[in-house]
Amino acid sequence: MAASSTRFIFFSMSFARRVLTDSCRGLFFLSVFLSFTSSIFLSLYIAYTSKLHIHPGLTRVYVNPLLEYSRINPQTTVSVASQQNLNTPSVVSQVPTEVLGNRSNISIGFEEPANVGEIPSPPSISRGDLDRRLPERTVEVSSTGGDDKNGNVFHDRDLFMEEYKEMKRRLKIYAYPHEKNDPFANVLLPVESEPGGNYASESYFKKALFRSRFLTDDPSEADLFYLPFSIAGLRHDKRVGVGGIQSFIRNYIRNISLNYPYWNRSGGADHFYVACHSVGRSAMEKAVEVKLNAIQVVCSSSYFLAGYVSHKDASIPQIWPRKGKPPTRLPSEREKLAFYAGAMNSRVREFLVKVWENDSEISVHQTRLKTPYSEALLGSKYCIHAKGFEVNTARIADALYYGCVPVVLADHYDLPYADILNWNSFSVVVSTMDIPMLKKILQEISYNDYLRLQSNVMRVQQHFQWHHLPVDFDAFHMVMYELWLRRSHARIVFFNTDSS
């Protein structure tokens, strides 16, 4: 009996060992099979999707977002960032009537405390000569576009015209007020001189807003609140400089949150600022709630960067101001296929020049031209915008001004007015990895298609121009329309609950 039991146990252990070995071997081959199958599918996926980026016929990655996506959903809950470094709660449900009265002096400098004067109580504002609301000149929009979708420079012209009229009738902006004797009036009030240079868009917008009928002295009727600090101005101010901008912005937000109820009630979601210099990208690092909640109207609008959020923020075109009516030249008189000139401050530009420097039809230069820049733009069918330190430069606006079709070599660039204008209709957007195929891409565009693109360039010129006095459909009004799309549809009203 004992021998039988021993044989049974030995047999059971042998059988169990064999089953376990077979199971392990089966699991091993199963995992190998699954890995092999996954690799095959992954390889096929990569091979298929890579064709979307390198095939010459598919390199023109046009921007064509739906207009509705740029609007703030009235049912969307705004996520308010924590109010770090602010001595106030992030959301205020009740505002005492004394909140606007008997406030102490406000420090808005870049060091704590800076003692730069007092922000006066609303609605009393002293803006000197700028207090006049000048009438705006009205022009007809020439961007009709017709029924052809590819020929229409707007995504939806009828919707744009309807909303544009409503914007002009209803939109109100409240700018935090400052006196002319404020120590930082040079960065908080509009400049008296005519703006110029690469970053003039920031100053032009402020001057136009303060002279427009969009500005209101009554914060209770405001749709949006304007933070009037100038990033370019702070950069050049010796008291602040590049190293002090972040502290200045932090202190400014702290001060308005302590002395006004408007920031706290929304966490800044109905506030906006305008900046065209690339320094603005890091200016909010000590005031993160501005970057997360406020509307950032910036030239450096790359959706590859974490600090920029498409459809919350807006892209403003970088425009080198030019006076007078744009010059014209017939398409048939533009002999050069494409043109580029600029400093070698990015790998994209270096690659572009390396590939096409000696070509007879694509004219690229790594230094400034000895001949007039304007003549090179007028003599070319296509004018290349290649990203530098940032995705934006003034070259797109330059090309449009001189009637040249822009070729955009700037990956991740949220193009100006992209939720309004159909960039497919007046530009060619090319992935930077397709620079070696640039000539083939442009040559494959038929002459009739080029004529359509160039004709639409002439139509959109007015949207990329600033004026001393705002003109309908100019750059100022287009930016205001972007703000109109991003305004909050739910106005927060506070009641005094004091029973006495």
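**Note on the strands and helices of this model**

1. Val407 has Val428 of strand β10 as its bridge partner. Strand β9 (residues 405–409) is joined to β10 by two bridges, in the parallel sense. Two strands count as paired if DSSP finds at least two bridges between them. Helices (H or I, at least four residues) and strands (E, at least two) are DSSP runs, numbered from the N terminus.

2. The model is predicted: local features need pLDDT of at least 70 and side-chain atom pairs count only at pLDDT 80 or more, while totals for chains, interfaces and linings use all residues. Residues are numbered from 1 along each chain as its sequence is written, and side-chain values use heavy atoms, with hydrogens and water left out.

3. β9 and β10 belong to an open sheet of five strands, in the order β7-β6-β8-β9-β10, with parallel pairing. β7 (362–365) and β10 (428–429) are at the edges with a single partner strand each, so one side of each has no neighbour in the sheet.

4. Two helices pack on this sheet. Helix α9 (residues 347–356) touches β6 (336–341), β7, β8 (380–386) and β9, and its direction makes about 130° with that of β7. Helix α13 (residues 447–460) touches β8, β9 and β10, at about 95° to the direction of β9. Contact means heavy atoms within 4.5 Å; axes are lines fitted to C-alpha atoms, for helices over the stretch in contact, and angles run from 0 to 180 degrees between N-to-C directions.

5. Is strand β3 (residues 271–275) enclosed or open? Five of its five residues are buried, so β3 is largely enclosed by the rest of the structure. Buried means under 20% relative accessible area (1.4 Å probe, protein chains only). His271, Tyr273 and Ala275 lie on one side of β3, and Phe272 and Val274 on the other. In a regular strand the side chains alternate between the two faces of the sheet.

6. β3 runs parallel to strand β2 (residues 224–226), joined by two bridges, and Tyr226 has Phe272 as its bridge partner. β3 also pairs with strand β4 (residues 295–298), in the parallel sense over four bridges; here the partner of Phe272 is Ile295.

7. Helix α2 (residues 157–170) and helix α14 (residues 475–486) pack at about 90°, with axes 10 Å apart. They are therefore roughly perpendicular (65 to 115 degrees). Residues in the contact include Phe160 and Tyr164 of α2 and Tyr481 and Trp484 of α14.

Note on methods. Parallel < 35°, antiparallel > 145°, perpendicular 65-115°, else oblique. Buried < 20%, exposed > 50% of the residue type's maximum accessible area, 1.4 Å probe, protein only.
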